[in-house]
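Biologist: I am new to this one. Please take me through a single part closely, then show me what surrounds it.

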Amino acid sequence: MTGDFMKTPANPILFLLLLAVSCSLAADSARAASIGVSPASIQFDNVLKGGYAEGTVSVSTSSATLLNLTMRAEGAVKDWITFEPSENITFSSGDMKRISVMVRPPSDAANGLYTGSIIATTSAAKTGGSGVGAEVTTGAVCDVTVRVTGDEIKKASVILIDVEDTEEELPVEFSVSISNDGNVMIAPLIKIEIMKKGTSEVLKTITHSTTTILPTKMSIIRIMADTKDLPIGEYTGRVTVFLDSEKLAEKELSFNIFERGTLRKNGVLQKIWNEPWANVGDIVKIDAYFENQGEMMIIGKLKGEIYNANRLVNVTESDELEVPVGKVVVLSAYFKPEFPGQYLVRGQVVYGGKTTETKESYINVNPGGEALPRGLDYTTLAVAAAALLIIALLLFRFRSKRTRR
Amino acid sequence: MGLALKLLVVLPACILIAFLAARTGVFANPGAPIVADVVATDPVDLSTCSTVLVWCNATVTDDDTWEDIDNVNATLWDSLNSVEETSDDNNLHYTNYSCALETNISLYTVTVNCSFTVEYYANPSNWTCKIYANDSTANSASNSTDNITINTLRALDAEANINFGALAPGVTSASDVNNTVTNCGNVALDLNLNGTNLTNVSASVANITVSNIKYNVTYPDSDYTVNMTSLSPSPTYADFSLAKRTTTVSTGKTYWKINIPETIENLIYSGTITFTAVEDT
């Protein structure tokens, strides 16, 4: 910076605006683009040739700015690995991404230990300054080893067996969490025997064997048992889990069938969310985050109304989904705007004859083909706001001095 | 039965009962709360240069109703490198002095949630969580789970730009341009470095090839020709040995220079340099 430049400029307003812009750029150029993967290594043991295994890596950043995340594999296992999600991943501070890593060795792979790596990389940050330079992107490596075998291993473990109380004529929900610890797909058999509490006479037997579980995966199997022929009272459910002829677990659980209206149904619509910007003709996904805070499973459905200039222009609704006690389920509906403008989405969830309070969101629709604005860069906004404040103060002082003269 | 025979039977039985009671704690502290079903977040994936919440929950039962439970606190520690009594240290020991009592699940039992804000540089290790419950009459009980794994986090932060400034054709950077790298994880790391050519869409004569950019990750002010490594489009390993943070933030500088080709236009040329965290070997 030359001495001349530091002299009082002829046009102080222009000088101050330039100062504000350079402050903003300086804030951007100093901002780092961090990334990390956890765990730093992942092992897949005894993966069957032509089989499947799955693991998870968490990818995080401390960047307040929204970054693009790219996942890729390298090394001997490069062609065996896929990711879910695999594209269009964005993340920022506080938004740790859990990426599923799927391994599928070919059926002609030789037995042995294969190594490689998973690389998570951020997108380029904004450039700052002038002249010759490079934007810095960052990455982090997770080391991968895959031990391939030709021997089939059929093995599973039961993590949890549970049941919820219900009301007369409504089904009772049993849930069984099973982990596939082997290297072949399994379809465990679950047998549920229902007895009046304190007796051994089996009133009802339900079996379930249609859920398949991939190797290395854990699945929560929910089984709805009809109770229409069971009167109000206390019952015992004996749940037995088999893998082929091997009994994996057996557990007796108590549950109640209450009068209708005894158990509290309480669904809470946490928020309605959609991408804030869209083009005409785009299909906009509207997500409702619906939580079951009650004492029994409920079935929820999002009903949305879409307004433009205070005029109802469309209605949309989601599929009905079961929401277990204590869980949050995302109910999705869709809207295709035909005209540009700002649309108001008003949605509520209908469940068990009740409705939640209404939540709202906005969709800003551009004419087709325009680039859509990105998420807000709060740091830049803050710096710009601070700069504008400084400008206002300096202008005020400048004018005060001129007035005194 | 003679007195001697009675003593022979009754005395060992009493000793056995006392021993079992001491082992199980059944009669150790009548009226004390019972802490059960301790469950914690497992495994724990830490967050780059940030913190994560680790949960350690349990049920607490008190004979005098759950409302008699006065205070619940918990300790989370790296069981391979510290003990329960160690002072709090973000690397290996955390304490929550007041856990949250959730909705009671019966007249006598309540669920308690103990959370810990765990730093990104907490040791990758096996950790234990122990929950203590105290009631209004100063009776106390505890229970723990010792199978919590804090995973390794390999993470870095780098400054967003390497700006070589305005340079004339044929000139080499007179001094280093530094880029400071921060270890944002809980393991030491080395670097893989790679980059792209520096280009300008308006350039009609030539671009600046990536190999004109050189670095040294150990020594500043190195001679461009002799002691610096050319950047390449494919990742190249650099022994950086940046330790994990233990007290203050762990950072290391990398040093960069560029040589501008003789034949080049008066334009702004830009490209990308990628810093990748790899295992420290």
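How many bridges join strand E3 (residues 69-78) of chain B to strand E7 (residues 125-135) of chain B, and do they run parallel or antiparallel?

Modeller: First, a word on the source. This is a predicted model, in which local features need pLDDT of at least 70, side-chain atom pairs count only at pLDDT 80 or more, and totals for chains, interfaces and linings use all residues. Residues are numbered from 1 along each chain as its sequence is written, while chains are lettered from A and ligands numbered from 1 in the order in which they are written.

Now the strands. E3 and E7 of chain B are joined by 9 bridges and run antiparallel. Strands here are DSSP runs of E, at least two residues, and helices are runs of H or I, at least four residues, all numbered from the N terminus. Two strands pair if DSSP finds at least two bridges between them.

Next, one residue: B:Ile131. Beyond its neighbours within four places in sequence, B:Ile131 is in contact with residues including B:Val35, B:Val72, B:Ala74, B:Cys114 and B:Ser142. Contact requires C-beta atoms, placed from the backbone, within 7 Å. The largest nonpolar core has 100 residues, and A:Ile118 and B:Ile131 touch the most other members. A nonpolar core is a set of buried Ala, Val, Leu, Ile, Met, Phe, Trp, Tyr and Cys residues joined through C-beta atoms within 7 Å. Buried means 20 or more other C-beta atoms within 10 Å of a residue's own; exposed means 12 or fewer, and partly exposed lies in between. In soluble globular proteins, nonpolar side chains tend to be buried together. E9(A) gives the most to this core, with 9 residues. Apart from it is another core of 22 residues, among them A:Ile286 and A:Phe290.

Strand E9 (residues 132-149) of chain A and E10(B) run antiparallel, joined by 4 bridges. There, A:Glu135 stands opposite B:Asn161 in E10(B). Across the chains, 44 residues of chain B are in contact with 39 residues of chain A. On the side of chain B that touches chain A, strand E9 (154-158), strand E10 (161-165) and strand E17 (270-279) of chain B each supply at least two residues. E17(B) gives the most, with 10 residues. That side divides into 23 nonpolar, 16 polar and 5 charged residues. Nonpolar covers Ala, Val, Leu, Ile, Met, Phe, Trp, Tyr, Cys and Pro; charged covers Asp, Glu, Lys and Arg; the others, Gly among them, count as polar.

Last, the domains of chain B. The assignment gives domain 1 (30-150) and domain 2 (156-279). Such bounds come from an automatic or database domain assignment. The C-alpha centres of these two domains of chain B are separated by 46 Å. Their contact takes 9 residues of domain 1 of chain B and 9 residues of domain 2 of chain B.

Technical notes:
Two residues are in contact if their C-beta atoms, placed from the backbone, lie within 7 Å.
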